[in-house]
Amino acid sequence: MANMGMAFAILGAAFAAFLAGMGSAVGVGLAGQAAAGVVTEDPNKFSKVLILQLLPGTQGIYGLLIAFIALSQTGILSGEGSEISLVKGLMYLAACLPMGIVGYISAKWQAKASVASISLVAKRPEQFGKAMIFPAMVETYAILALLVSLLSISGVTGLPI
Amino acid sequence: MAVLQMQRINICALKKDRKAILETLQRRGVVEICDLSSQDNAFQKDDTSDARSQFEKTIVLANQALETLDVYAPEKSSLMDMFNGREAITTEQYQTYAQKAPEIEKAASEIVSLAKKVAENKAEILKLQAQIDALAPWMGLDVSMQFSGTRCTAAFIGSFPEQLNLEQIYEKLAQAAPEVTFHIEIFYSSRDLTCIIALVPRQQAAAAEEALRGMGFAKPASPPKEPPKEYQAILERQITDAAQIIDSATETIASHSAMREPLHFLVDYCTMRMEKYDAISRLLNTRRTFFLSGYIAKVDAPALEAELSKNFDIALEFVEPTEDEDVPCLLRNNKFTEPVTGVLESYGLPQRGEIDPTPIMAFFYYFLFGLMFSDFGYGALLAIGTGILLLKCKNMEPGTRRMIKLFFFCGISTAAWGIVFSSYFGDVVDIVSSTFFGREVTIPPLWFAPLDDPMKMLVFSMTLGVIHLFTGLGIQFYQHVKAHNWYAAITKVILWYMLVGGLIVFGLSTEMFTSILQLTETLPAAVGSVAGWIAAIGAVGIVFTNGESKNPFVRFAQGLYELYNVTGYLSDILSYSRLLALGLATGVVGSVINQMGSMGGNGIPGVILFVLVFLIGHTINFGIELLGAYVHCNRLQFVEFFGKFYEGGRRKFEPLGVHTKYYKFKEDN
């Protein structure tokens, strides 16, 4: 029981990484299916649809980012593992949640926007610039969540608890 | 450096010069020809759709031939070729090729028919192979499958649909027809097929056949005349023949590989002529003259006028377009700003009265892109890579060159921001020095490291956002002033400056706001109250002026709704926090990769591991972050920046020109 704080902190990092990662995996997979369909008709559109496919992939990276920062704050990466109080550990957990949850859901919905944009590009390739913006709109919320998680973690670290 | 002014050009000339004049226009590529509708009977239009569909057919044929050549005589191509544009072709080459066009077309149809022959024979071989396979069970038979017996005996050749041995067959036949004397030979047997030949005395043939039928005996379908072995030999000979035909046909196709260039030419030649004929169909003709109308950029007009009136008897006229005409848009920019026009085009070209935002946008584009990518290593790689491409491939297509240039400038900006924030492939300097040299070296950032002080970076990002947005508003102001619409300039821009600017300054004077942003200083309360009053005046002004309805109550309600847009400014400013998020993502993911690489420790295996992880990891990170920076930079321009002043969506100027795929046709002069 002595180091429950550490356990919760790592749980938080895990949440950020796996929820956001899952969302991106689902999203990129979904968009990939649509992209592959377009390429069977017209292989020249490969680079365009590939970009659209990759758009929901960023949440996974943001999740990794938060997980990494949280882990490095616990000191587990350097193998030192300093003591973390239970309260502080729970705070880390809470700080990681926005990225995990919003990352999961936004990646999924961004993928749906991506799929729609891929079919847009299939029909009107010259509208690629606009097609790219629709999925990017969804990503804003993942970025806001990333921001909240990031600021929380760096804030929690400084607390004398 | 801006939207070019367009003029309407009207040409009236003799019909005998029509071809030459159109070719001149096509070569120059500066005139967009309008489709004229004929209003009276004096003029008529030529229908060129037949000729055009003929060209289209030729293009399809030539493209088929080219595809065939690519299969049977593939051409080596390197990655660099992707960036190399079309080859230039001289006028003499053009003339010789143009004379040979019918020959080339004949060669194309020969190649296509050869390819068809190959396909047919391949199908034939498959069919023959299937016949040979079907023959396999009967190979044990040394008489013809049609053999029906001698003078005194009747022979039955066929199969049972199950596996039977000799004993079982005799037993069953004895039960079915005890009076018949059978002589049975099994020459093939598998799990679901038993092939036999049965001999019986001729007078018992009918009874024997009935007995066999009762057991499910079936004769082979359409048996060949020859005994199976001989027939197989015949089939095999046919296969060899077909294979030979295929070989010779493919060889002939491969020998045509020199036709590739002429075929490319043919495609281009037909495309050009198609474009010309399309232009012809837009003209108005009388018996001896024709009339052409179109748009031309004002700057290009004198040169064209000089050339045309020197060579032809021609009546030329340039007119300013009227207000309600659908005038196309052409932009021309300098080397630094021009790369961004591609991004602008993908959003939409400026409407009438809107200025070309490219120069201002270009500056912000490079600036913000660099801030999001912000790594010296990645930026240097990007700039050097695209720089080499720009130097090596002189012949690049304008569109590709523009894109590459865009990334070149973005790369330089990225590298610069990398130095400011001390990011060199993440933290490769620290990791390498501490892992392999035992002494940690850190390159200090020129300003600060965002990961150490994210709040500072956030404030910086949002400050940039405010500047970007206010610049956009400023452009709107300029546009209103240019249109002499001072009322709109004040109500739509100045009042908003007052409201948003006032609110920000007011916020900075309150303790709460500055402590959220972790700023050390708070503006004096006096400044805050002045700013608050300015914001209030702005807000009241917006409520009373921004509505558009005639009904005062509705107008007031509309004004209130417009005031609500202030939340839009809040979300726009917050949106710039992506500068922080993406900037950090590059650095942190880079650090993760370096850390993973350093897990092997010091020593040779450690170094190998580090190099491997470094190469793979940073390649992936480079790609993903590049994509992210590109997409989000576009978004900031399109949504936040353009939202303040820009509508866009005008038609692009599409002049009659040479839109070929393989060759450039050089001008003589």
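## Overall build of chain A

From the N terminus on, the elements of chain A run α-α-α-α-α, that is, five helices and zero strands. Helices (H or I, at least four residues) and strands (E, at least two) are DSSP runs, numbered from the N terminus. This is a predicted model, in which local features need pLDDT of at least 70 and side-chain atom pairs count only at pLDDT 80 or more, while totals for chains, interfaces and linings use all residues. Residues are numbered from 1 along each chain as its sequence is written, and chains are lettered from A and ligands numbered from 1 in the order in which they are written.

The C-alpha trace of chain A spans about 60 × 25 × 20 Å along its principal axes. Of the 161 residues in chain A, 53% are buried. A residue is called buried if 20 or more other C-beta atoms lie within 10 Å of its own, exposed if 12 or fewer, and partly exposed in between, with C-beta atoms placed from the backbone.

## The nonpolar core

A nonpolar core is a set of buried Ala, Val, Leu, Ile, Met, Phe, Trp, Tyr and Cys residues joined through C-beta atoms within 7 Å. The largest such core has 123 residues, and those with the most contacts inside it are A:Ala16, A:Ile66 and A:Ala70. Helix H1 (residues 4–41) of chain A provides the largest share of this core, 15 residues.

Two residues are in contact if their C-beta atoms, placed from the backbone, lie within 7 Å. Beyond its neighbours within four places in sequence, A:Ala16 has contacts that include A:Gly63, A:Ile66, A:Ala70, A:Cys96 and A:Ser149.

## Where chain A meets chain B

The contact between the chains takes 25 residues from chain A and 25 residues from chain B. On the side of chain A, two or more residues come from each of helix H2 (46–54), helix H3 (58–74) and helix H5 (128–158). H5(A) gives the most, with 13 residues.

This side of chain A divides into 19 nonpolar, five polar and one charged residue. Here Ala, Val, Leu, Ile, Met, Phe, Trp, Tyr, Cys and Pro count as nonpolar, Asp, Glu, Lys and Arg as charged, and the others, Gly among them, as polar.

## Helix H19 of chain B

Helix H19 (residues 566–575) of chain B has the buried residues B:Tyr569, B:Asp572, B:Ile573 and B:Ser575. Seen down the axis of H19(B), these fall within an arc of 155°, so they line one face of the helix. The arc is that of the directions from the helix axis to the C-beta atoms. The face turned away from the buried side of H19(B) carries the exposed residues B:Thr567, B:Leu570 and B:Ser571.

The cover over the buried residues of H19(B) includes H5 of chain A, together with helices H14 (454–482), H15 (486–508), H20 (577–597) and H21 (604–641) of chain B.
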